[in-house]
Amino acid sequence: RAGLAATVGVLAGLLTHLGDVWRVLHERIGAMGAFVAGSGTLGLVAPLGAAMALAVLVPNALDRSGVFLTAPAAFQNLVVVLAVAVGATVVACRLARSGRIGPALAAAVLAAAIAQSAVLCHEWVPRIGTTLVRVDAATARQLSTVLADVPPTAEVVASQGVVGRFGERRALYPFLDTFADGQKVPVVASTVVFVFVAAQGIEQATAPQTARAVATVRAEPGVTVLLVSAQVTALEWHPPAGTTSVAFGR
């Protein structure tokens with residue numbers, strides 16, 4: 001019921017502030033277009049591509065922070081790239097059946113779509129190293145050492161930028177600390193391992209926030225140090241009986 005009420009409230013807000021909606025979409029049209037261009041844009045003509053672009057890109061663009069249109073959060077929109085690519089195939093097939101010039105027309109528009117995708121790749125592929133791959137080899141080795149020391153049944157709380165490598169653990173939570181009232185993480189195991197990395201990976205938490213989180217955990221009884229380096233701080237905690245959560249931030 002609360003979810004439905006929140007949805008109705010959001011829709012009512014959009015309808016009563018259409019000018020603001022248009023302004024935000026206009027400001028972010030370039031970022032939205034990049035996802036469509038990734039598949040050559042042609043598929044936007046197809047119902048599937050158009051519907052998916054509207055259903056995914058518009059809500060993400062209207063988020064106040066705009067983070068969902070940035071490179072680190074691009075996965076939020078990847079379904080649009082796939083849908084537009086499928087739509088492009090549908091459009092090309094229909095063109096190819098549209099008479100004597102159909103095959104040539106289909107080949108021409110597909111070539112244009114591929115060229116557009118290639119231009120976008122030329123722009124973004126060189127940025128991968130600085131935009132997405134932000135964990136250096138030394139830090140990766142240290143994280144592997146920590147991973148080997150984490151008990152199989154332990155809960156892991158890890159900085160967002162490196163949380164993926166701990167994905168096989170039964171309970172795993174990212175450290176973000178991006179919420180106005182801080183972040184509360186459930187405690188569901190008798191052993192909790194915290195892995196904090198401030199300056200590696202794509203992190204939402206700032207270095208000062210991460211430092212405060214380290215201090216918060218180290219102040220708890222029953223904490224032992226697994227690893228402390230310039231980049232990685234790993235702590236193992238055996239919470240007192242009855243502990244249900246640990247809070248970071250505000």
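Biologist: What should I know before we start?
Modeller: It's a predicted model, so local features need pLDDT of at least 70, side-chain atom pairs count only at pLDDT 80 or more, and totals for chains, interfaces and linings use all residues. Residues are numbered from 1 along each chain as its sequence is written, and side-chain values use heavy atoms, with hydrogens and water left out.

Biologist: Is Ile-29 buried or exposed?
Modeller: Ile-29 is found in helix α3, residues 29-37. Helices here are DSSP runs of H or I with at least four residues, strands are E runs of at least two, and both are numbered from the N terminus. Buried means under 20% relative accessible area, exposed over 50%, and partly exposed in between, using a 1.4 Å probe and protein chains only. Ile-29 has 53% relative accessibility, so it counts as exposed.

Biologist: And is Ser-39 buried or exposed?
Modeller: Ser-39 lies in the loop between α3 and α4. Leaving aside neighbours within four places in sequence, it is in contact (heavy atoms within 4.5 Å) with Val-81, Val-84, Ala-85 and Ser-117. Its relative accessible area is 11%, so Ser-39 is buried.

Biologist: How are α4 and α5 arranged relative to each other?
Modeller: The axes of α4 (residues 47-61) and α5 (residues 78-96) come within 8 Å and cross at roughly 165°. Axes are lines fitted to C-alpha atoms, for helices over the stretch in contact, and angles run from 0 to 180 degrees between N-to-C directions. Angles under 35 degrees count as roughly parallel, over 145 as roughly antiparallel, 65 to 115 as roughly perpendicular and the rest as oblique. So α4 and α5 are roughly antiparallel.

Biologist: Which residues of α6 make the contact with α5?
Modeller: The axes of α5 and α6 (residues 102-124) come within 7 Å and cross at roughly 155°. That makes this pair roughly antiparallel. On the α5 side the contact uses Ala-88, Ala-92, Leu-95 and Ala-96, and on the α6 side Gly-102, Pro-103, Leu-105, Ala-106, Val-109 and Leu-110.

Biologist: Which residues touch the most other members of the largest nonpolar core?
Modeller: A nonpolar core is a set of buried Ala, Val, Leu, Ile, Met, Phe, Trp, Tyr and Cys residues joined through side-chain atoms within 4.5 Å. The largest one has 15 residues, and those touching the most other members are Phe-175, Phe-194, Phe-196, Val-246 and Phe-248.
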